[in-house]
Amino acid sequence: MDEIGLVIKCQQGDMEAYEALFGSYFSKAVRYAFLITGRSDLAEDIVQEALIECYKDIKSLRSPEKFKSWFYRILVRTSWRVKAKETRNVSMEEFNGCEYSCLNSNLDDDFDRLVETRESSRLIKDVLQKLSLPLRTTVVLHYYNDLSIKEISQVLKCFQGTVKSRLHNARKIIHKELVKEGYVCDGKECGTNA
Amino acid sequence: MHDKEKIDDMIRGLLDKEALNIEPREEIIGEIGIKVKNMEQDSKLKCIVKNNIFPMKLNIRGYVAAALLLFVMAPGFTLIFSKEARVVAAHGIDAVKSWIYIMTKTEDGYKPVKVELIDDAGELDMSYDYTGLTDEELSREAGFNIHVPSELWGGYKCVQKTKGVRKSDNAIVSATAMYDNKNNTIGLRISMDNYINALQNKKEFDIKGTKFYWGEADADSIYPNHDMRQIPVGVKINHELLWEYRGAFYRLYSVHEDITYDAAQKIAEHFMNNISNTYDKNYDAGVIRSQSHISKDATTAEIENEVGFKVKVPESLPGNFNIAYKIVGMDPMNKSCNMFKGEYNNGEKTLNLIITEANWPVMEYDRVKDAKDDSRIIEVEGVECHWTYSDGSHVLGWMDNDVYYLIGYEKGDFGSIDEAVAIAKSIIGNG
């Protein structure tokens, strides 16, 4: 059954359809929440909360074809709410991997090699931390959850131009970080990190 | 590779790799499903308790209080008669307790779940009120077609029509009709909510081009001694009949007897064959439209002439009670029935005698029992009487000549069951 059919069945209270529909989004949703919060303990809570809200509100979704945007909107809203609540209670897990050690001097800008290293986790965490929550959300939705600019504008209820400028700004910040860390060069040939 | 694309690939790759550091537990989806169901039931319980709604079969004292009040004062109160109400058959006006048990369906069958009742639950966004609107008027206001048949197969007559109004935007979202045949009560809900796919093990049949669906709906918990604080000993599976007619969804359910497949087919056939007979045309035939005090000296024959059924109304009762007022009118809980109320006074207390041809509730209903609850069936002059405790006091009710009698104090309680029995004896033996 296609997604629209599942949404309609879900609206009629069909629990099997609910499981099938949300099951297809589940893993990506948990991982989105993990990337946004940096905490695995919060990620599942966020998704549980969001899924319960979805179940309660799905009857109010008038256009089943807009399910994806609607679902991500609830997920984003929930993650922001939880993140805001947790700001003062910073988990130790958030800092795992933050013990900075010198990068391997043999690393070059070969991305394949970079992602294979254990440094990649620390790097992306650092990079994401540099971004404000709206920018971070835009980046994760676009690059990880594969939402188009139009879809993100629907999720965040903003203009497509805003999404584009957020992506541009985020990209600039990330690029700067990658340059700083020596993974990419600043317009010059670069064989090794700094 | 262009710089921008390269950066994009790097970000994508880093995020993909980082995301693998968490392994989502797929079983959470199922856990959420169970949680949602429990929350729904819990929420319904809380809301209904919070809103002091008086479902049939509910708190008999609350029901009596409502009926007495309405009998004397202008109607205009809220009543729910729905699936939700059946779930909370114990909760009347102030029967708010901390928790009860309900049975919840799991993969391993039905399991008892302890449900907490919180007094500060949110407001129910719905109100259910009697409506005098015709189907046509109601349909116009609701925005979908509503057809409330005057009767159903099986001798069921429509006794009540209510509208469900969503308070937040004042929209009519449902119409509910109640049908009675003296042995059983059936509810019919008409709305735009399609529950057909929620029916389990359903069978489908066609009558005159309309598809009907019969299947298993929610199960009722079976409580030891009707006490909802005890772990249920099993469940009673209920069947419902659902169909779509002129764009609206009809949901028919039964209160006491289950709806068999055979009965469902006959009800469906009757519905399709009697489309033109609506409740609007017949519901108040022979019913006293407005209540009235009749003369204190009115004889039994004069009362019977007003209400249309035999009554036993003594002028005095044990305890030095003498009749002070005699009132006749439509039973506020069942608009197709008449009712008599006698008010007796002994200078200290007021005792009410209700006589109604409506099928009033009996004592076998699920509720939260407390230590004072000594409800039981007793025999008085060969008549089975229901001694019922609820909300801090007792009432005694019985059937006589196919009409229902009930006695209870306006305020306070009987000193003992013997006091109530003496009064009942005097009424049963009268005439």
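Residues are numbered from 1 along each chain as its sequence is written, and chains are lettered from A and ligands numbered from 1 in the order in which they are written. Since the model is predicted, local features are reported at pLDDT of at least 70 and side-chain atom pairs count only at pLDDT 80 or more, whereas totals for chains, interfaces and linings use all residues.

Chain A holds nine helices and zero strands, with helices (H or I, at least four residues) and strands (E, at least two) taken as DSSP runs numbered from the N terminus. Read from the N terminus, the order of elements in chain A is α-α-α-α-α-α-α-α-α. Chain B, in turn, contains nine helices and 20 strands. Of the 194 residues in chain A, 36% are buried, and of the 431 residues in chain B, 39% are buried; a residue is buried if 20 or more other C-beta atoms lie within 10 Å of its own, exposed if 12 or fewer, and partly exposed in between, the C-beta atoms being placed from the backbone. Two residues are in contact if their C-beta atoms, placed from the backbone, lie within 7 Å. Among the contacts in chain A between residues at least 6 apart in sequence, 65% join residues at least 24 apart, and for chain B the corresponding value is 63%.

The contact between the chains takes 36 residues from chain A and 28 residues from chain B. On the side of chain A that touches chain B, at least two residues each are supplied by α2 (15-37), α3 (40-57), α5 (111-116), α6 (119-130), α7 (133-144) and α9 (160-181). The largest share of this side, 11 residues, comes from α2(A). Sorted by class, the side of chain A that touches chain B has 21 nonpolar, nine polar and six charged residues, where Ala, Val, Leu, Ile, Met, Phe, Trp, Tyr, Cys and Pro count as nonpolar, Asp, Glu, Lys and Arg as charged, and the others, Gly among them, as polar.

Helix α2(A) also packs within its own chain. A kink of about 45° in α2(A) is centred on A:Phe26, the bend at a residue being the angle between axes fitted to the seven residues ending there and the seven starting there. After α2(A) comes A:Gly38, whose phi is positive, near 75°. The axes of α2(A) and α3(A) come within 8 Å and cross at roughly 140°; axes are lines fitted to C-alpha atoms, for helices over the stretch in contact, and angles run from 0 to 180 degrees between N-to-C directions. This angle makes α2(A) oblique to α3(A), given that angles under 35 degrees count as roughly parallel, over 145 as roughly antiparallel, 65 to 115 as roughly perpendicular and the rest as oblique. The crossing of α2(A) and α3(A) is right-handed, a crossing being left-handed if the near helix is turned anticlockwise from the far one by less than a right angle, and right-handed if clockwise. Residues of α2(A) in this contact include A:Tyr18, A:Phe22 and A:Phe34, and those of α3(A) include A:Leu42, A:Ile46 and A:Cys54. By class, the contact of α2(A) with α3(A) has 14 nonpolar, two polar and one charged residues.

With α7(A), α2(A) packs at an angle of about 145°, the axes being 10 Å apart, and this crossing is right-handed. Here A:Arg31, A:Tyr32, A:Leu35 and A:Ile36 in α2(A) meet A:Arg136, A:Thr137, A:Val140 and A:Tyr144 in α7(A). The residues of the contact of α2(A) with α7(A) divide into five nonpolar, one polar and two charged.

Individual residues were also examined. A:Asp146, in the loop between α7 and α8 (149-156) of chain A, has a positive phi near 60° although the residue is not glycine, and with 10 C-beta neighbours inside 10 Å A:Asp146 counts as exposed. B:Asp402, in the loop between β19 (393-400) and β20 (403-409) of chain B, has a positive phi near 70°, again in a residue other than glycine, and is exposed, with 9 other C-beta atoms within 10 Å. B:Phe321, by contrast, is buried, with 23 other C-beta atoms within 10 Å, and belongs to strand β14 (residues 321-330) of chain B. Neighbours within four places in sequence aside, B:Phe321 is in contact with B:Ser316, B:Tyr344, B:Asn345, B:Asn346 and B:Leu351. B:Phe321 and B:Asn345 are 24 residues apart in sequence, yet their C-alpha atoms are 5.1 Å apart in space.
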